[in-house]
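Please examine the sequence and the three-dimensional structure shown here. The explanation that follows is intended for a reader who is new to the reading of protein models.

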Amino acid sequence: MFNSLRTDQLIAGIGATARTAAGATGAPDDYARGQLLSAYSVSRLLAAEVSGEAALLAWLRSELLDAVGGRPVATKIEAAPDATRIGGILVDLLAELRESGEDPELRTRIHAILREMAGRELAVLATRPEGSSKR
């Protein structure tokens, strides 16, 4: 969910690796084999991420809205289309809270939500999407 590359960029990278492999003659060398294994790994992680994204985003949004209560930032969180935008909103909110010294409990709660979010995302990534096999 918080990947620095967009899904389309990851898919393009996997595709480029597959295209290179398809055009190769003979068995791949160690470097090419490593690239193919990396592309396979990325595809499995991406599939898990995509399959869990909606539930993770819904959980994150709900927890954050509960934490911020009636603050004006709640409207921004509700309207944010994805985790990247929510992340940007949180960067600004945490900076504002740090600079003002206001509501240290809210800062602590947001940090706890983000820690739990990371754990939930890792749990999603640890699952194998349907159709993938263990190698």
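The paragraphs below proceed from the chain as a whole to one pair of helices.

The model is a predicted one. Its secondary structure consists of five helices and zero strands, and the order along the sequence is α-α-α-α-α.

The overall dimensions may be considered next. Along the principal axes, the C-alpha atoms of the protein chain fill a box of roughly 65 × 30 × 25 Å. The radius of gyration of the protein chain is 19 Å, whereas a compact globule of 135 residues would have a value near 14 Å. Of the 135 residues in the protein chain, 26% are buried. Where contacts link residues at least 6 apart in sequence, 65% of them join residues at least 24 apart.

For helix 2 (residues 30–68) and helix 4 (residues 83–100), the axes come within 11 Å and cross at roughly 25°. Angles under 35 degrees count as roughly parallel, and helix 2 and helix 4 are therefore roughly parallel to each other. The crossing of helix 2 past helix 4 is left-handed.

Which residues make this contact? Helix 2 contributes Leu57, Leu60, Arg61, Leu64 and Val68, while helix 4 contributes Ala83, Ile86, Leu90 and Leu93.

Conventions:
Residues are numbered from 1 along each chain as its sequence is written. This is a predicted model: local features need pLDDT of at least 70, side-chain atom pairs count only at pLDDT 80 or more; totals for chains, interfaces and linings use all residues. Side-chain values use heavy atoms; hydrogens and water are left out. Axes are lines fitted to C-alpha atoms, for helices over the stretch in contact, and angles run from 0 to 180 degrees between N-to-C directions. Helices (H or I, at least four residues) and strands (E, at least two) are DSSP runs, numbered from the N terminus. Angles under 35 degrees count as roughly parallel, over 145 as roughly antiparallel, 65 to 115 as roughly perpendicular and the rest as oblique. A crossing is left-handed if the near helix is turned anticlockwise from the far one by less than a right angle, and right-handed if clockwise. Contact means heavy atoms within 4.5 Å. The radius of gyration is taken over C-alpha atoms; the globule rule is 2.2 Å times the number of residues to the power 0.38. Buried means under 20% relative accessible area, exposed over 50%, partly exposed in between (1.4 Å probe, protein chains only).
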